[in-house]
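Please walk me through how a sheet and the helix packed against a sheet can be read from a model.

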Amino acid sequence: MKLLFHKITNWEYWPFQVLYVPIYFLWAYYAIKARSIFFFNASNPQIKNGGFIMESKKKIYDLLPKTYYPKTILIRENTNLKAIVDIVVEKQIYFPFIAKPDIGLRGSGVKKIKTVSELREYAEKASFDFLIQDLIPFKQEVGIFYVRHPLQKEGKITGIVSKEFLNVIGDGISTIEDLINKTPRFQFQLESLKEEYGDQLYQILKKGEVMNLVPFGNHARGAKFLDGSHLITPKLTATINEIATQIPEFYFGRFDIMYNTFEELECGENFQIVELNGAASEPTHIYDPKHSVWFAWKELARHITYMYEISVQNHKMGVPYLDHKDGMREYRLHLAQNNKIMNF
């Protein structure tokens, strides 16, 4: 009951469908103006459906210069273990590495793979295509939202989110599970952590020892999101703009980036792109606990307006909106994919 009350009184934990209720009305307004529910697919013409539904992460990576992202391979559903191991060895990807769905859902199905047995378990359980990806060596992570009008050569950063991972710090007395239970944000993840770590959660960490239980910055997996928009500088904007303009017809979305130091990131050094998200991107700086739900609605409305304006301009330049029949088919496929991943 205590956790339930915490979830109700802290809007950042509200279900997606509840949080977005006011935004649905704005979406309907723009859909009427565009005469298409699926106007979003014109926002990023080179990404399937603009990056809103059923977009392949691998195909998005293929749009990026290879120096910007970790070594990544696509594994088709039902590929046998030997074939997977062979390609992992061929591509020189070493344990531990990350496995994640090629068509993802808010961080679900992402797992750090440490052994061949864990790889076998993941591959046998996955009812979808998935990616195997080098573990990025950098410790810091940010999400940088980028917007560029199709008629402009330079875009802008509209928000930055910095991320605190699900780390527990030992006191020499408490078990890892006890440490998890001290923080409601972590406690929400307890069942999934039990499934992943098992009896390891009964271990006692030395005083001051830090253990990262989820090595990626995903809000749904316990990371704390902090509004880092004050970090926007002309230098960082120039760096991100240089990256974004190398991606064919990319105008709207969020770069999730891991980096060494912020100064190096500003200079375009010592970083890698975890993912590039398109039209479905959220301005995730809204999830900073200091922000009100009114701030969140305002920022969501601002970014959907950007997406609408970009889509309309691209449409005027010859990019078709997604046909209603095709859009509904894609939406049904999206729901089916979500079910597969949620049941993973």
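The dialogue below takes up the sheet, its pairing and its packing.

A: This is a predicted model, in which local features need pLDDT of at least 70 and side-chain atom pairs count only at pLDDT 80 or more, while totals for chains, interfaces and linings use all residues. Residues are numbered from 1 along each chain as its sequence is written, and side-chain values use heavy atoms, with hydrogens and water left out.

Q: What is the order of the strands in the open sheet?

A: Strands of a sheet pair through backbone hydrogen bonds, either parallel or antiparallel. Here five strands form an open sheet with antiparallel pairing in the order E9-E6-E5-E10-E11, where strands are DSSP runs of E of at least two residues and helices are runs of H or I of at least four, numbered from the N terminus, and two strands pair if DSSP finds at least two bridges between them. Because strand E9 (224–227) and strand E11 (271–277) each have a single partner strand, they stand at the edges, and one side of each is left without a neighbour in the sheet. From one strand to the next, the twist averages 25 degrees.

Q: Over how many bridges do strands E5 and E10 pair?

A: Strand E5 (residues 140–147) and strand E10 (residues 252–259) are joined in the antiparallel sense over eight bridges, and Gln-140 has Tyr-259 in E10 as its bridge partner.

Q: Which strands does helix H12 touch?

A: Contact means heavy atoms within 4.5 Å, and helix H12 (residues 293–316) packs on the sheet, touching E5, strand E6 (156–164), E9 and E10. The direction of helix H12 makes about 135 degrees with that of E6, with axes fitted as lines to C-alpha atoms, for helices over the stretch in contact, and angles running from 0 to 180 degrees between N-to-C directions.
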